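Dear colleague,

I am passing this structure on to you, together with some notes on what turned up when the model was examined. Please have the sequence and the model open while you read, as the notes go through them by topic.

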Amino acid sequence: MSVLTATPGAAPADDDPPDTGERHRLTAVTGLAALSLDAMASVAYGPEAIVLVLAAAGAHGLGFTLPVTLAIAALLAVLVASYRQVIAAFPDGGGSYAVARTHLGARTSLVAAASLVLDYVLNAAVAVTAGVAALTSAFPGLYDDRLWICLAVLALITGVNLRGIVESARAFIVPTVVFVGSVFGIVVVGLFRSGPASTAAAEGHASVLADNATSVGALLLLKAFASGCSALTGVEALANAVPSFRVPRARRAQRAEVALGAVLGAMLIGLSVLISRFHLQPVEGVTVLAQLADASLGHNWAFYVVQFATMLLLALSANTSFGGLPVLLKLLARDNYLPHVFALKADRQVHRHGVLALALVSAGLLVFSGGDTNTLVPLFAIGVFIGFTIAQVGMVRHWREERGSGWRGKAVLNGCGALLTGVSAVVVTGGKFADGAWLIVIALPLLVAAFETVHRAYARIGERLGLGRIPERPHRDRSVVIVPVSNLSRLTCEALNAAGSLGDEVRAVTVCHRDPEDRAQVAALEAAWELWNPGVPLVRVTSGDRSLGRPIAAYVRETAAPGTRVTVLIPEVEPERLWQRLLQNQRGAVVAHAVRRDTDAVICRLRFRLS
C-alpha cells in the first residue's frame with residue numbers, strides 16, 4: 001500500500017552534477033523551457049482576448065487596452081510573489097493543492113487538485129490544436145488532416161517527455177528563445193516607429209469593431225480583464241513541479257518563477273503599448289500578434305519567422321502540462337486519492353504513468369473536438385482561476401497562522417489576489433457557460449467524488465491490513481505444496497525440487513477428464529510416475545467437464561484445514577524468444593486464475609528458462 005521513495009543526497013553546485021538523479025532534474029533556465037511554455041505562448045492570445053472584448057465599444061474602447069493590461073500585469077506580480085511564497089512553504093510541490101490541504105481542509109484541496117487536473121488536460125489539447133491551426137492557416141491544404149497532425153504532435157511531445165523532463169527542456173529551449181526574442185524584437189522595433197511599417201496582413205479582412213458601439217462601462221472592463229487573464233495560465237506550473245528541480249530545489253524554482261513573471265509581464269505590456277501606438281483594430285482571420293509583427297517588422301521574412309515561432313511554441317506549450325500534471329498526480333497518489341502507480345518513477349525521474357495518462361486523455365479530447373480549437377477554448381482557463389483563488393486564500397490563512405515578520409502585508413497582498421482571481425473565475429465561467437463551460441462545472445465535482453472514492457477504498461484496505469498498527473507475532477503453520485502436472489519432464493523435476501524446499505508435504509495433482517483419450521494419457525502418466533518414484537504422491541482429480549482450473553481449486557479447498565497453509569506451485573516454461581510465448585497453452589494462467597478466485601491458497605509460479 002505504501003510507496004517507497006528515496007531522498008536524494010546533496011548535489012554538487014555545478015550545472016551538470018555527476019549524480020544520476022540530479023542530472024535528470026531541471027535548472028532555473030531549463031525549468032522555464034520545460035514548465036513555462038504555456039505562459040510564454042499566452043502572449044499570442046492574451047492581448048487579443050482583451051482587444052476582442054473592448055472592440056464592442058468601438059475605437060474608443062480599444063484605448064483601454066493598456067490600462068487593462070497593466071491591471072493584469074499587476075495581478076501577475078501578485079501571483080508571482082504569492083507562488084514564490086508557496087514554493088518556499090511547500091517545497092514538495094503541489095501548488096494550490098498543497099496549500100489547501102494544509103490550511104483549508106481535504107475537500108477544498110481536492111477541488112484545487114481537480115481544477116488543476118482539468119486545466120492541465122485542456123491546456124495540452126488546446127495548445128496542440130492552436131499550434132496546428134496556425135500551421136493549417138499557413139498551409140490550407142493540410143486543414144482536412146488537422147486531427148492526424150494533432151495526434152502526431154501529441155505523440156511527439158509524449159515521446160520526448162517519456163525520456164525525461166530534462167530532455168524535453170533541452171528540446172524546447174531553442175523554440176522558446178526564438179519566440180521570446182521575436183516578441184521583444186517586435187516591441188523594441190515598434191517603439192522606434194512613428195507608424196506601422198506595413199498593414200498587408202490585415203488587408204482584405206473585415207474589421208470586428210462593433211458598428212453600434214457600446215459605452216465603456218465597468219462590466220465591459222471587467223470582462224476584458226477576465227478574458228485577458230487567460231495570459232496568466234501556466235504561472236502556477238513551477239510551484240506544482242518543485243521536486244523536478246535540482247537542489248536547492250525551492251531556490252531554483254523561485255528564480256524561474258520571478259524570471260517568468262518578468263518576461264511575461266514585459267511582453268504583455270510591450271505588445272499593449274504597440275496596440276495603442278499603432279491604433280490597431282482587430283480583423284477576422286488575422287491574429288493581433290500577426291498584425292503587430294507586420295506593423296513593426298514589415299511584411300518580410302521576419303514576419304514569417306514570428307509566425308512560425310508562434311505556431312511552434314503554441315503547439316509545444318502542451319509541455320507545461322506534461323511537466324506539471326504528473327507531479328500533481330504523484331502527490332494525489334501519495335495521499336491515497338489516486339492509484340499508487342502514479343507515484344512510481346522511471347530511471348530518468350519520469351512519472352511515466354502520469355505522462356501516458358495525460359497523453360491518452362488529451363488524445364481523446366482531440367478526437368472528440370476533431371482537432372478544432374474553438375470546440376475546446378470555452379472549457380479552458382476556468383480551472384486555473386479556481387486554483388489561483390484557493391492558493392491565495394490558503395496563503396492568507398498561512399500568514400495568519402504563522403504571524404511572522406510582516407505577515408499582515410503579505411496577507412493583504414494574497415487577499416487582494418484572491419479577490420481578483422475569484423472575480424475573474426466567476427466572470428469567465430459565467431461568460432463561457434453557454435459555450436461549454438457547463439461541462440467543467442459538472443466535471444469538477446465528479447472528479448472530486450472520484451478522488452474521495454479512491455481514498456475510501458484505500459482506507460478500507462488499510463484498515464483490513466492493519467496499516468499503522470503492530471501486528472501479532474508470526475507463527476509457522478504446517479505447509480502443503482500442491483504441484484499441477486500433466487506429463488513427466490525436467491520441468492516436473494524442477495517443480496518438485498522447489499516444492500520440497502517450500503513445504504512439509506508435497507502432492508502432485510493431475511486432472512483427468514472422462515473421455516477415453518484423456519483417461520489413457522493419465523493412466524500412462526501414472527505408470528511412468530510409479531516407475532520414476534520421486535517420493536511424491538500423484539493424485540488424480542476427476543473432472544466432469546473440460547475445465548482445468550476449477551477441479552484443482554476444488555482439491556485445494558478440500559486440502560485446506562485450520563493450521564495448514566496450502567501453496568500451489570505452477571511450473572511454466574520461459575521461452576528463449578518473445579514470439580515463442582504464442583506457442584504456449586496458457587494452462588498455468590488458467591490454473592492461477594481459478595485458484596486465486598476460489599481459494600485463499602498461496603500461488604507460486606516457477607519459471608523454467610530454456611536458455
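**Cysteines**

At a relative accessibility of 32%, Cys493 counts as partly exposed, a class that lies between buried (under 20% relative accessible area) and exposed (over 50%), as found with a 1.4 Å probe on protein chains only. Cys604 is likewise partly exposed, with a relative accessible area of 27%. The search of the whole structure finds 0 disulfides, a disulfide being a pair of cysteine sulfur atoms within 2.5 Å.

**What kind of model this is**

The model is a predicted one, in which local features need a pLDDT of at least 70 and side-chain atom pairs count only at pLDDT 80 or more, while totals for chains, interfaces and linings use all residues. Residues are numbered from 1 along each chain as its sequence is written, and side-chain values use heavy atoms, with hydrogens and water left out.

The average pLDDT of the protein chain is 82, and 90% of the residues score at least 70; pLDDT is the predictor's confidence in each residue, on a scale from 0 to 100. Over residues 1-20 the pLDDT is below 50, and this stretch has 25 contacts in the model beyond near neighbours in sequence, where a contact means heavy atoms within 4.5 Å. Among the elements of the chain, the lowest mean pLDDT, 61, belongs to helix α1 (residues 20-23), and the highest, 92, to strand β1 (residues 478-484).

**The chain as a whole**

The secondary structure comes to 24 helices and 5 strands, which are DSSP runs numbered from the N terminus (helices are H or I with at least four residues, strands are E with at least two). Of the 611 residues in the protein chain, 51% are buried. Among contacts with a separation of 6 or more, 80% are between residues 24 or more positions apart. Leu162 is found in helix α9 (residues 146-162) and is partly exposed, with a relative accessible area of 25%.

Rolling a probe the size of a water molecule over the atoms shows where empty space is left. The search of the whole structure finds 2 cavities of 30 Å³ or more. On a 1 Å grid over the protein atoms alone, a cavity is a set of points where a 1.4 Å probe fits but cannot get out, whereas a pocket is an open set with protein on both sides within 12 Å along at least five of seven lines, and lining residues have an atom within 4 Å of a point. Grid points are joined across faces, edges and corners, and a volume is the space filled by probe spheres set on the points.

The second largest cavity holds about 30 Å³ of space, and its lining is made up of Val43, Ala44, Pro47, Glu48, Leu271, Val288, Leu289 and Leu292. By class, the lining has 7 nonpolar, no polar and 1 charged residues, where Ala, Val, Leu, Ile, Met, Phe, Trp, Tyr, Cys and Pro count as nonpolar, Asp, Glu, Lys and Arg as charged, and the others, Gly among them, as polar. Helix α14 is mostly covered, as 10 of its 10 residues are buried, and just after α14, Gly298 takes a positive phi of about 90°.

**The second largest pocket**

About 1000 Å³ of space lies in the second largest pocket. It is lined by 36 residues, of which Ser486, Leu548, Asn585, Arg587 and Gly588 are the closest to its centre. The elements giving two or more residues to this lining include α21 (490-502), β2 (505-513) and α24 (587-598), and the lining divides into 15 nonpolar, 11 polar and 10 charged residues.

**Backbone details**

Most residues other than glycine have a negative phi, and most peptide bonds are trans. Val247 and Pro248 are joined by a cis peptide bond, with omega about -5°, and Pro248 is found in the loop between α12 (237-240) and α13 (249-277). Asn336, which is not a glycine, has a positive phi of about 70°; Asn336 lies in the loop between α16 (319-334) and α17 (352-369) and is partly exposed, with a relative accessible area of 24%. Phi of Asn533 is also positive, near 55°, and Asn533, in the loop between α22 and β3 (538-543), is exposed at a relative accessible area of 59%.

With best wishes
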